[in-house]
Amino acid sequence: MKIVRTVQELRENVRAARAGGAEHVGLVPTMGALHEGHISLVAAARRRSGLTVMSIFVNPTQFTEASDLDAYPRQEAADAALAEAAGVDIVFAPEASELYPEGFATTVHVGGPLTQTLEAAGRGPAHFDGVATVVSKLLLAVGADAAYFGQKDAQQLLVVRRMVADLGIPAEIVACPTVRDADGLAKSSRNVRLRDDERARALAIPRSLEAVEAALALGETRSEALHARAATVLAAAGIEPEYLAFVDASSLAPVTEVASPVLCAIAARVGTVRLIDNTLLTLPRAGGEN
Ligand code: AMP
């Protein structure tokens with residue numbers, strides 16, 4: 001596995017791999033502090049790609065709180081070992097000045113409702129500008145045929161899909177399921193900042209999503225009633241969500257009823273750590289054959 005720091009080195013290595021027969025190049029963008037969630041994206045990329053590139057870059061432009069950027073875990077040596085064991089071919093780990101050199105003046109802004117809801121309130125409107133800008137730069141730098149993203153960041157996934165479609169970037173965006181710990185908590189680089197008692201309380205987040213799924217399976221389709229189920233579970237753990245939303249899974253517009261696919265999305269602070277999680281709700285098929 002190679003670790004490269006510059007776009008030029010990255011391009012040279014990708015070009016050499018293509019010349020050597022790698023037909024399909026997959027990109028896994030990350031901010032490091034790797035866990036099984038990231039590794040599952042690598043596994044998905046490797047199933048398709050002759051060359052798997054992972055970027056490790058704590059992107060300053062998508063952080064709206066300086067304290068969150070400062071506290072973000074950084075562990076490049078451990079990450080490189082994990083990436084290599086997972087079968088990554090190239091790690092691209094640039095300095096901020098490589099992606100945002102002196103005089104950098106361009107922002108990729110995805111407008112419309114996708115970027116004005118859910119995470120926009122808690123993380124500020126600049127968050128998705130930072131995401132869209134860095135992901136477009138990474139896709140162009142790698143010349144990737146496909147890029148792999150986690151469903152855990154469902155809104156990010158939709159924003160990236162919109163951006164790639166609108167700019168005509170010839171990369172397929174592949175969604176991968178959320179990886180959880182055995183107790184249900186979604187893997188996140190931020191979990192290491194939870195104290196033991198906070199981690200125990202945080203389990204109410206996946207439990208509240210399970211409560212919603214269970215109620216839906218029993219026939220409750222009204223958002224308001226499903227919202228109440230989840231809110232009760234969260235409140236019992238002393239968690240007041242920043243948002244607990246039932247939105248159309250494609251447009252993110254609020255829905256009053258689960259009819260077509262609906263995203264139930266939660267953001268909540270547990271102690272000082274902001275966590276997000278979601279589940280995709282679809283109606284159980286009535287009268288199915290099996
Ligand atoms: P991050 O390093 O947090 O920016 O995440 C990099 C990529 O990993 C994003 O596409 C995330 O959606 C994805 N990811 C993060 N956590 C998980 C998880 N628990 N399961 C699956 N994918 C994840």
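Reply: First, the ground rules. This is a predicted model, where local features need pLDDT of at least 70, side-chain atom pairs count only at pLDDT 80 or more, and totals for chains, interfaces and linings use all residues. Residues are numbered from 1 along each chain as its sequence is written, and side-chain values use heavy atoms, with hydrogens and water left out.

Me: Why is Ala33 called buried?

Reply: Buried means under 20% relative accessible area, exposed over 50%, partly exposed in between (1.4 Å probe, protein chains only). Ala33 has 7%, so it counts as buried.

Me: Where is Ala33, and what is its phi?

Reply: Ala33 is in the loop between strand 2 (25–30) and helix 2 (36–48). Helices (H or I, at least four residues) and strands (E, at least two) are DSSP runs, numbered from the N terminus. Ala33 is not a glycine, yet its phi is positive, about 50°.

Me: What makes Leu252 buried?

Reply: Its relative accessibility is 2%, and the limit is under 20%, so Leu252 is buried. Leu252 is in the loop between strand 7 (243–248) and strand 8 (262–270). Phi of Leu252 is also positive, near 65°.

Me: How do you know that Pro29 is buried, and what does Pro29 touch?

Reply: Pro29 has 18% relative accessibility, which is under 20%, so it counts as buried. Pro29 lies in strand 2. Contact means heavy atoms within 4.5 Å. Leaving aside residues up to four places away in sequence, Pro29 touches Ser55, Leu138, Tyr148 and Phe149. The C-alpha atoms of Pro29 and Val135 are separated by 7.6 Å, although the two are 106 residues apart along the chain.

Me: How do you know where domain 1 and domain 2 run?

Reply: Domain bounds come from an automatic or database domain assignment. Domain 1 is 2–176 and domain 2 is 189–279. Their centres, taken over C-alpha atoms, are 26 Å apart.

Me: What makes up the area buried between domain 1 and domain 2?

Reply: Buried area is the accessible area (1.4 Å probe) that two parts lose on being put together, summed over both. Between domain 1 and domain 2 it is about 1600 Å², with 53% from carbon and sulfur atoms. Leu118, Glu119 and Lys152 supply 33% of the area that domain 1 buries against domain 2, more than any other three residues. In contacts, 22 residues of domain 1 meet 19 residues of domain 2.
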